[in-house]
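Subject: the two-chain model, handed over

Hi,

Here is the structure I promised to pass on. Have a look at it in your viewer first, then read my notes below.

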Amino acid sequence: MPAVELVHADGPGGAWAAAVSAAVREGRTVVLHCLVGEWSAPDSPELALLLGREHRRYASTRHAACRDRFVASRRLIKYAASAALGVSPWTLELAISPGGRKYLRGCGWLGLSLSHTGNLLVLALSATGRVGADSEALSRSMCNPALVRRVCTDAEMAALAALPAGERGRAMLRLWTLKEAYTKAIGVGMRLPFREFGFAVDGDKAVLHDTEGVPAHPVEWDFTTHWIDADDSYVVSTAQTRSPGHPLAA
Amino acid sequence: MKASPTPERLLAHADAALRSAMAAAADRTPPRLAKAAAGAAYLDLWVCERLLRADGGSRSASARFLVPRLLMEGVDGLTVLLGTELHRATRPSAEYRRRARLLGEAMWHPDHEERLMGVVERLSLPLYGDDRLSRPMTSVRPAALPTALHRMLDDLERERRQLIDDCALSEDSATARDWARADRYALLTAAAACVDDWERRKGYRQHRFADLTRLVGALSRLAVRLDREPAGPDAELSGALFDEADLYCRTSSVVVRTARSAARQLVGV
């Protein structure tokens, strides 16, 4: 079994829920992906109950697309956590730490990380340690030289320059998602400048480096990249810590 | 199964992580966000120390439940202060990473359910008598409080009353709603511990501006965790808390090994 399992969550009540339950119980990180339309829902008393205090934020959001994405993300989080924890999604409460890290009240040990780009939503869940996820559409261009200089270490810029020109855009998007996933996992987001750490990629894995291109030691993190074809093509990267214990196996 | 570290032990890890991060960043002037991260970690350390001191030390159910998460979040935030030093093989950076890893292991220790249930069980009885949350957040008249603190305490008091109402209405069988109440209960107990400390110190010396900045900053971080608004301008960003954290780290050359000694240094006694 892979340490990180990618699952399409096609709406409440799907077969994906059993996969989430098994993956979390067995100590694997599970990465759910879906399209906003698969999880959006109109406002209703049931939705208000599910959102709890967040319903105020939902009601004050003007743009319909933002509202749909908000509802879809909250429904995805609560139904996925419900599958992982074996409780009703209506009883779970989502909270946000001062650094911006989301957690379920009382269940801070169920790490979760949400990402969205275009119509894609991604949710990573882990019961064994810190987790972060990020996604980007492959149609997005990030090979702007100024951006590359601002985001990449010297070693990463050298690795990008060594690639055929046609592959650089995809490689840069992958680096970006790895950096976002890592900073989300440690709960700091872009407050940690992306040029202050780097990655060397190898297959679907990546290794964390310092700014000199030296691998970080000891190896505490696992990084994985997936490629998804949905309404568009996307790259999704996850970061998770290696844990000596496993809560759900206790 | 190896026992999880006590909250006091975790306080010592967070203390060492803060000192290590400050030492690693000592050669440069930290940018604004890095200063804010140090101030935030210092505040979380202070809140946890207050909670431990006020709520029965390592026997406190709220502390056993809350301290691992609060300290891990604060210490993780120090990565912003470390910046390029984060993954270097220098002694302070390696020590920071070791302490951060130990805090993460405590957070995901298999006894997490037992820690949660300790607080849930406390909430199965009405909040009265010795329970700190049976009393208002402060006994000080609103007019006697600085505006930022008054607003913040007003908000936290509303949260306390809502928690009492929610507990009274809770169902007989346990649900995940009890988990959320436990989280709010622990956060409010920590807030009350900070307020009580501030009021007690008021008795024997004049308020210093630093005391107020620290209290409002600490309560702001707890308020955000309770879905409430932080007070006024972000106290963490003021730079004052970075200076206080810096002074705290500089005034002791002795490695803090117990929370008790950490506590003495934190409150300056």
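Bookkeeping first. This is a predicted model, in which local features need pLDDT of at least 70 and side-chain atom pairs count only at pLDDT 80 or more, while totals for chains, interfaces and linings use all residues. Residues are numbered from 1 along each chain as its sequence is written, chains are lettered from A and ligands numbered from 1 in the order in which they are written.

**Between the chains**

Chain A puts 38 residues in contact with 34 residues of chain B (contact: C-beta atoms, placed from the backbone, within 7 Å). On the chain A side, 16 of the residues are nonpolar, 13 polar and nine charged. For those classes, Ala, Val, Leu, Ile, Met, Phe, Trp, Tyr, Cys and Pro count as nonpolar, Asp, Glu, Lys and Arg as charged, and the others, Gly among them, as polar.

Helices (H or I, at least four residues) and strands (E, at least two) are DSSP runs, numbered from the N terminus, and two strands pair if DSSP finds at least two bridges between them.

One open sheet has four strands in the order β1-β2-β6-β5, with mixed pairing. β1 (4–8) and β5 (111–117) are at its edges with a single partner strand each, so one side of each has no neighbour in the sheet. Ignoring direction, neighbouring strands here are turned by 20 degrees against each other on average. (Axes are lines fitted to C-alpha atoms, for helices over the stretch in contact, and angles run from 0 to 180 degrees between N-to-C directions.) β2 (residues 29–35) and β6 (residues 120–126) of chain A run antiparallel and are joined by six bridges; Cys34(A) has Leu121(A) as its bridge partner in β6(A). Helix α5 (residues 64–85) of chain A packs on this sheet, where it touches β2, β5 and β6, and its direction makes about 30 degrees with that of β6(A).

The other open sheet has five strands, ordered β7-β11-β10-β9-β8, with antiparallel pairing. Its edge strands, β7 (131–137) and β8 (198–202) of chain A, each pair on one side only. From one strand to the next, the twist averages 25 degrees. β10 (residues 221–229) and β11 (residues 233–241) of chain A pair in the antiparallel sense over nine bridges, with Phe223(A) opposite Ala239(A) in β11(A). Helix α8 (residues 165–185) of chain A packs on the sheet and touches β7, β8, β9 (205–209), β10 and β11; its direction makes about 150 degrees with that of β7(A).

**Chain B: domains and helices**

Chain B splits into domain 1 (7–115 + 239–267) and domain 2 (126–235), with bounds from an automatic or database domain assignment. In chain B, 16 residues of domain 1 are in contact with 18 of domain 2. On the domain 1 side, α2 (32–54), α3 (61–77) and α10 (240–250) of chain B are the elements that give two or more residues, and α2(B) has the largest share, nine residues. That side divides into ten nonpolar, two polar and four charged residues.

Now for the helix pairs. α3(B) and α5(B) (residues 91–107) pack at about 150 degrees with axes 9 Å apart, which makes them roughly antiparallel. The cut-offs: under 35 degrees is roughly parallel, over 145 roughly antiparallel, 65 to 115 roughly perpendicular and the rest oblique. Their crossing is left-handed, meaning that the near helix is turned anticlockwise from the far one by less than a right angle (right-handed if clockwise). The residues that meet include Leu71(B) in α3(B) and Leu103(B) in α5(B).

α3(B) also meets α6(B) (residues 112–122): the axes come within 8 Å and cross at roughly 135 degrees, so α3(B) is oblique to α6(B). This crossing is left-handed too. Among the contact residues are Phe65(B) of α3(B) and Val119(B) of α6(B).

Lastly, α1(B) (residues 7–24) packs against α2(B) at about 160 degrees with axes 10 Å apart; the two are therefore roughly antiparallel. Their contact has eleven nonpolar, no polar and three charged residues.

Cheers

Definitions and conventions. Contact = placed C-beta atoms within 7 Å.
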